[in-house]
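Me: I'd like to go through a structure with you, one question at a time. Could you take a look at it with me?

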Amino acid sequence: MKNLYRKSVAILLCSVLALLPTLSEGLAYAQQSPVRSAQSLTLREYLNKSYMELFELAPKLEFSASEIESQRNALKNGKDICVGRFKTHSKQYESQIDAARKDLKKNTAALTEEQRKQAHCNIQNLDLLKSEADVLSGQAIPTAYDNLNAKLDVIQLWPAQYKQIQQELASGTYHTRRWGDVKDIGFREIEPKQEDDIKRGAQAVEELKRLGLMPPEVEDKVIQDYVRSVGERIAKKSDLKIPLHITVLQSREINAFALPGGYLFIERGLLEATDDESELAGVIAHEISHVTARHANKLMKRATIASIFYQAAQIAAIVLTGGVAGIGMYYALQYGFFGLGLVLNLKLLGVSRDYELESDQLGVQYAWNAGYDPSGFIRFFDKMATKKGYVNGVSWFRTHPPFYQRMVQTQREITFLEAKPDAIVQSSAFEQMKKDLAPVVAKAEKEEVGKPSLLLTKEEGCTPPQKLEYKSEQPVEELCSVPIQTLPAQGK
Ligand SMILES: [Zn+2]
């Protein structure tokens, strides 16, 4: 596990989440709701609140069913318009690419080297813009709206859920929920024979390295040791019965994933994206849960590791040679890596709708049992869904049960766990890790500048098109109103 493999590929993972913010005035805003004394914001404005805040606020809000309905319709219209807009952009870029290729073919004999280079750069840049539009219309925008809808669900449905939870608490029936025996964590059996997965996981790690798909490790012992110590702390207080191997990878992707048998990988981008130890603990605990419940084993009874990686390598090869536009290409060109998560087999990672929900539940139990504030997981999830770069986070959205269900079930579980007044949110070791990480990130990014598109770029030295900038906190509606970028006509 110590050797570094070179390609800076990012991997992905299991499911966590997503995205972006909101767009142009009006698109998603329903008519202004009447402002009542108890609720000082419009319904749309409440959707900018965090899940944790909404769990608090929802039982006190008094929006009518028709107000909620009309906001829901506004979100739907906003999403359709926004997705449609970027689909149109994508088609425009496609026809420009066709025209540029025909032109190149027609004039190829007459072009000077300078003109030829410009023509190549033009096609390459149009490809990039098209990929960006495809990522936005296919992933980022739908996820941003899913998240807004989930928050509307919280406002609409959480109050009744909350009442029910209170009843279960009062009557004691909550003890009978699935995995409700939290006082016996470590002594109960989530799934027998965890040790049977070790061989498969070790094999998967070897295959990833052999195929050059595994990003290098972060070469900083203090950072590695810190993350391992957080993992160990949780593992000890979990149902894990096999050794845990944690490795921090040098990749800017915001991701973490567990291979079967206890091989857990944390990408550097995830450390950058977390703000306190309880958030990191929440993600690690979720990943440990996939291992204790043997989700990968249940999903891939027959498949062999070799055949899974054969597929991954095939897809990766196509992506690397520019054969597949879209997400892989976009990642590679923009960031010098592609999300391995986009090619990694989800079954191997144990990702499915039901298993995500189960890992969310077990994960908050483990984080809680290890002394952490279990809501760190919700805070991190929410941040990814609303603030962090949707492009970097896009792989997290690849599969996810609806946000509402995930967030509500997680909050429900947290409500059933005995509150610990001294639960850990932050630690000085975490803060030290962030300090140690800064130069590591700076150095890695500097090195990436020299070889940003090494893997894929066919024409070197082109000035890339401007990336669509998305600011944290910016409503998704604004993104939808950004003017389309055009490229100067290619030189003849
Ligand atoms: Zn997961």
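Predicted model: local features only at pLDDT ≥ 70, side-chain atom pairs only at ≥ 80, totals over all residues.

Me: Which residues does Tyr226 touch beyond its neighbours within four places in sequence?
Reply: Tyr226 lies in helix 6, where helices are DSSP runs (H or I, at least four residues) and strands are runs of E (at least two), numbered from the N terminus. Phe430 is 204 residues away from Tyr226 in sequence, with 7.8 Å between the C-alpha atoms. Taking contact as C-beta atoms, placed from the backbone, within 7 Å, the partners of Tyr226 are Ala429 and Met433.

Me: Which element has the highest mean pLDDT?
Reply: pLDDT is the predictor's confidence in each residue, from 0 to 100. The protein averages 80, and 74% of the residues score at least 70. Strand 1 (residues 22-23) has the lowest mean among the elements, 34, while the highest, 98, belongs to helix 6.

Me: How many contacts does the model have for residues 322-329 beyond four places in sequence?
Reply: This is a stretch to read with the confidence in mind. Over residues 322-329 the pLDDT stays under 50. The model's count of contacts there, beyond four places in sequence, is 21.

Me: How is helix 8 oriented relative to helix 12?
Reply: Axes here are lines fitted to C-alpha atoms over the stretch in contact, and angles run from 0 to 180 degrees between N-to-C directions. Helix 8 (residues 277-292) and helix 12 (residues 353-369) pack at about 120°, their axes 7 Å apart. Angles under 35 degrees count as roughly parallel, over 145 as roughly antiparallel, 65 to 115 as roughly perpendicular and the rest as oblique. Helix 8 is therefore, relative to helix 12, oblique.

Me: How many charged residues are in the contact of helix 8 with helix 12?
Reply: Residues making this contact include Ala281, Ala285 and Ile288 of helix 8, with Tyr355, Leu362 and Tyr366 among those of helix 12. Ala, Val, Leu, Ile, Met, Phe, Trp, Tyr, Cys and Pro count as nonpolar, Asp, Glu, Lys and Arg as charged, and the others, Gly among them, as polar. By class there are 7 nonpolar and 7 polar residues, and the number of charged ones is 1.

Me: Is Arg294 buried or exposed?
Reply: Arg294 sits in the loop between helix 8 and helix 9 (295-299). Its phi is positive, about 55°, although Arg294 is not a glycine. With 20 other C-beta atoms within 10 Å, Arg294 is buried.

Me: And Lys193, is that residue buried or exposed?
Reply: Lys193 also has a positive phi, near 60°, in a residue other than glycine. Lys193 lies in the loop between helix 4 (113-171) and helix 5 (198-210). Because Lys193 has 11 C-beta neighbours inside 10 Å, Lys193 counts as exposed.

Me: How many residues of helix 13 are buried?
Reply: Helix 13 spans residues 376-386 and is mostly covered. Among its buried residues are Phe377, Arg379, Asp382 and Lys383. The count of buried residues in helix 13 is 11 of 11.

Notes:
Residues numbered from 1 in each chain as written. Contact = placed C-beta atoms within 7 Å. Buried ≥ 20, exposed ≤ 12 C-beta atoms within 10 Å, placed from the backbone.
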